[in-house]
Amino acid sequence: MRQYSCAVVMFLLALGLSVQTVAAEKSSLDINIPALERYDAYLKQKHPKVHAKHSAKLEEIRKLSAAQETVPQALNLREGLLLANPELDFEHMLLIKRKGSIAMPANWQSNLSLKNRSQDTIVSMPLRGERKLTTVYQPEQKRTITDIDLHFDAKRILFSMRSIKSKSVRWQVFDMPLDGKPQELSLIPDHDVDNYDACYLPGGNIIFTSTAPMVGVPCVKGSSHVANCYLFDVKTKKIRRLTFDQDHNWSPCVTGSGQVMYQRWEYSDIPHFVSRLIFTMNPDGTNQRGYYGSNSYWPNSIFYARPIPGSQSKFVGIVTGHHGVKRMGELVLFDTAKGYREADGVVQRIPGFGKKVEPVIRDNLVGGSLPKFLHPYPINEKFFIVSAQVRGKGWGIYLVDVFDNMLLLKEEPGHFLLEPIPIIKRKMPPVIPSNIQPDKEDAVMFISDIYQGDGLKGVPRGTVKNLRLFTYQFAYHGMGGQVNRVGLDGPWDVKRILGTVPVESDGSAMFRVPANTPVSMQPLDSKGRAIAIMRSWATAMPGEVLSCVGCHEPPNTAPPLTRTKARTPVDIKPWYGPVRGFSFEREVQPILDKYCIGCHDSSQPKLPDFRRKPPVHADVPSSAYKDGTKFLPSYIALRSYVRTPTMESDIHLQPPYEFHVSTTELIQRLEKGHHNVKLDQEAWDRLYTWIDLHAPAHGSWREVLSKEDVGKVGKRRLELMKLYSMRDDDEELIAPKPEPVKTIMPKPEKVKKKPELGKGLTAEEAEAVQKDVGNYLASVTAGDKKVEMVLMPGDKKQKPFWVSKFEVTNELYREFDSKHDPRVEHGDFLVFSEREMGYPLNKPEQPVCRVSYNEAEAFCEWLSKKAGRKFRLPTAAEWEYACRAGSTTDHWYGSSKVDFAAYANLADQRFRHVDKFGWGLPVDAVPKWRPAIESVNDTFRVSAPVGTFKANPWGLHDMHGNVAEWTSTGTDENKTVKGGSWYDRPIHATSSFKLYYHSWQKVFNVGFRVVMED
């Protein structure tokens, strides 16, 4: 540290700037002349009189900052210039002075995880002058103090601290006049409940968070106790639970409109390292809505978010990661009027004037970033008081602004200075009247038009017939996670079926739901199959009418002006009995007993065994997981034939039909009339529901663990639920097992006569036939890209026609639709990095997929105009003729038993492999479950660049595998798909095999190639 002469020291003291402050600032932060110039210009524009008074300071700073010996004078002038700002209209601030550890919970924890390892004091400090710290409150014993909230009248504060009553070590909330002693509020007093993180509400009540839900964070096996929001009525002393969330709520605060802003963590089938969202609600818990970060990988977390005074859409917060540094990170200003996902709503990172903020996908998002910030307090949208660590040393209090100025106000050697709050009287926001009816057990949900928004984009009106409603039973303390799993690779929590409600032809729906219950919805088609999956929930308060416009519509979307058909709320239609957790043993096994075990009884070794047998541990590589959850062997066997999201699938909004049951091999086989098996409607519905719910195995935590494991904490949850949520439904009640059923043997199938294909051509003969045609190669130009075409020679039944050599690539398709992104095929288990999101399907040379038949047709129209030739999709007959290239075997290269590695990208050893992604991610909890030919390795997990595999004798690549392909054959609603994909085994990718999908359905593994007419 630079040593100053006595004369300089006296000069600084005379100016009201401590030697310690200047010395610390010189060692941590340099003068930023461009930032001062931007601030000076702002001052000149907004406060010309003040600017005129201080206008000479900037020029003097420029001169002094160039001379090393005069840095203290320049710093002093800079402070005078920055503090001359009339918008800093307060004289003192409160803060916490902490000695010992910085005592911040990890980003998956809350206050309960903190130990009393620090000695904290609440102090006040002047904004200007010497900035001497004055004690406001110091506990008699060693205590960690957090969560200071200043009342609107600036005369009292709330804060959190371990109880000072009796021998309790639980966290409690304290209310204290600034000139008095703290009073421990009479919140939930139980010895096993912690209360903290409170704020004052307009009108006098208090909102706080509490661990009373008896919910545990799943990924750490419930060791972190979840805190949700509760309302404390100061007059009546009554307490009511407001949120019913899977994981923590953090940092509730009041917006200018009188609403409550808070952070909600959730990871129902989405990556938990990035799923902390900003929510808002009314103070009575009504109107809970996502505000920022839904369906986004960035930011991972926004801790300590606070609204900007005077703004309806701006807020500031600390952007940080999941693992890594604790709650600290980058200071970012947001505006939801600009956007509400990823970095769309970012106004600026501070400091970072003029620099674009990129939405980086990283677990430890800000580990190497400096400066680091905590506890921002916005003066307005330009100026902020904040705690900061500038160059990896101490934590001090700073004045920062959007111009990139950072003025150190105070550092204290050996201490952390945290949670600064200007002591200033604020206008109390409006009191939002409560709209709840406490005595009611239900609420009403209203959707004005489910087709509005991106959630059902492209789905024709009238397709949605009903909504399936379900709720969650979240994990208790001490259980959950990767070891105690509800299903093989998810879901995280038990899913409980409520029933179904109708959707009107105009897309409207109005229905009653149980109050104080997280409710998730799935839009169903005419067969009862989910068109889209909702990986979140909505919660309505007693008597509330909770409404939304559509499905994932942008915030503030206006409802339709016309009157909807849904005008009277309907009751939920029960789903084959009472509300219950979905259990494979109770809901699906009876179907196997009735329709399947007549053949699937181990008598044929090559067939899976679906008999009812005692549960077993999954055969997984990791010893840590071998003793985890047990599953029925029949569950493990059947699970292989369905495609669902993995434990944490892509957080981005999934397109409709992404996990539709029609993309699942089990349903495809049964719908094709699998060995003449004919299910009744209830059996179909149970299978659809099982798959749509992410194929759970267990319907209660007692089934995952045991009655004894759940007993005590389950009883406590129910007790506290009755007291503070007015609910008395026991989530652990297990429906009785269904009565045994008689197995039905399917009627013998009629032998289907195979088409007469004749002897077929050898590869050499096929090539010769094509060459006899003459010039059989051509190319056309589309935009900047060439489309290579090959002439099929034709025969007595088929005229010659041109077909594209390759499947249409992403690169070519983007000439038509630059915004189309096939994204990734989801990975195998947990997600902590961009790599683990899954396997890219959007590289330029890969075949396009996730395009509907209608989109493929539109591409052909575009290509026709660009190339000046008529293009279309092939018929199914044309496709098969081109694929066979004169062959009569299952595939152009031979039978389904041939080693296909050189010829086709199909389900093989690489496809079946469960990836660890290089760093030991605990995917060893999951067995190799995808059906595949393990004796073959074509080296590709998903689609390969077109042309990677050998062409057939007529020069066409990837006719088998890679991506399946649309044809024009079929009805207006359903079209035929041919060829199979990387996801399919050879028997489902033969020349003759076909599937059917809706013409508007985007399928994860379906693309196309084109035909050119003469």
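Modeller: A cavity is a set of points on a 1 Å grid over the protein atoms alone where a 1.4 Å probe fits but cannot get out, and its lining residues have an atom within 4 Å of a point. Points are joined across faces, edges and corners, and a volume is the space filled by probe spheres set on them. This is a predicted model, in which local features need pLDDT of at least 70 and side-chain atom pairs pLDDT 80 or more, while totals for chains, interfaces and linings use all residues. Residues are numbered from 1 along each chain as its sequence is written, and side-chain values use heavy atoms, without hydrogens and water.

Biologist: What volume does the second largest cavity have, and which residues are closest to its centre?

Modeller: The volume is about 160 Å³. Of its 19 lining residues, Gln668, Asp984, Leu995, Tyr997 and Asn1005 are the closest to the centre. Helix H10 (665–671), strand E42 (974–978) and strand E43 (994–998) each give at least two residues to this lining, and E43 gives the most, with 3. Helices (H or I, at least four residues) and strands (E, at least two) are DSSP runs numbered from the N terminus.

Biologist: How do the residues of that lining divide by class?

Modeller: There are 8 nonpolar, 7 polar and 4 charged residues. Ala, Val, Leu, Ile, Met, Phe, Trp, Tyr, Cys and Pro count as nonpolar, Asp, Glu, Lys and Arg as charged, and the others, Gly among them, as polar.

Biologist: What lines the largest cavity?

Modeller: The largest cavity, of about 260 Å³, is lined by 18 residues, with Asp147, Ile148, Tyr304, Arg306 and Glu419 nearest its centre. Six strands supply at least two lining residues each: E4 (146–150), E8 (195–200), E12 (249–254), E16 (301–307), E20 (372–378) and E24 (415–422). The classes are 11 nonpolar, 2 polar and 5 charged. The search of the whole structure finds 9 cavities of 30 Å³ or more.

Biologist: Why is H5 called largely enclosed by the rest of the structure?

Modeller: Buried means under 20% relative accessible area, with a 1.4 Å probe and protein chains only. Of the 13 residues of H5, 11 fall in that class, so the helix is largely enclosed. Among them are Val71, Pro72, Asn76, Arg78 and Glu79. H5 (residues 71–83) reaches 18 Å from its first C-alpha to its last, close to the 18 Å expected; the expected span is 1.5 Å times one less than the number of residues.

Biologist: What makes Asp489 count as buried?

Modeller: Its relative accessibility is 2%, against a limit of 20%, so Asp489 is buried. Asp489 lies in the loop between strand E26 (466–473) and strand E27 (494–502).

Biologist: What joins the side chains of Asp489 and Arg639?

Modeller: A polar contact of 2.8 Å. That term needs a pair of N or O atoms within 3.5 Å, one able to donate a hydrogen and the other to accept it; residues adjacent in sequence count only if both atoms are side-chain atoms. Contact in general means heavy atoms within 4.5 Å, and beyond four places in sequence Asp489 has contacts including His694, Asp828 and Trp929.

Biologist: How do you know that Thr280 is buried, and Thr209?

Modeller: Thr280 has a relative accessible area of 8%, so it passes the 20% limit. Thr209 passes as well, because its value is 0%. Thr280 is in strand E14 (residues 276–281) and touches, among others, Met261, Tyr262 and Arg289. Thr209 is in strand E9 (residues 206–210), with contacts including Tyr196, Cys229 and Pro252.

Note on methods:
On a 1 Å grid over the protein atoms alone, a cavity is a set of points where a 1.4 Å probe fits but cannot get out, and a pocket is an open set with protein on both sides within 12 Å along at least five of seven lines; lining residues have an atom within 4 Å of a point. Buried means under 20% relative accessible area, exposed over 50%, partly exposed in between (1.4 Å probe, protein chains only).
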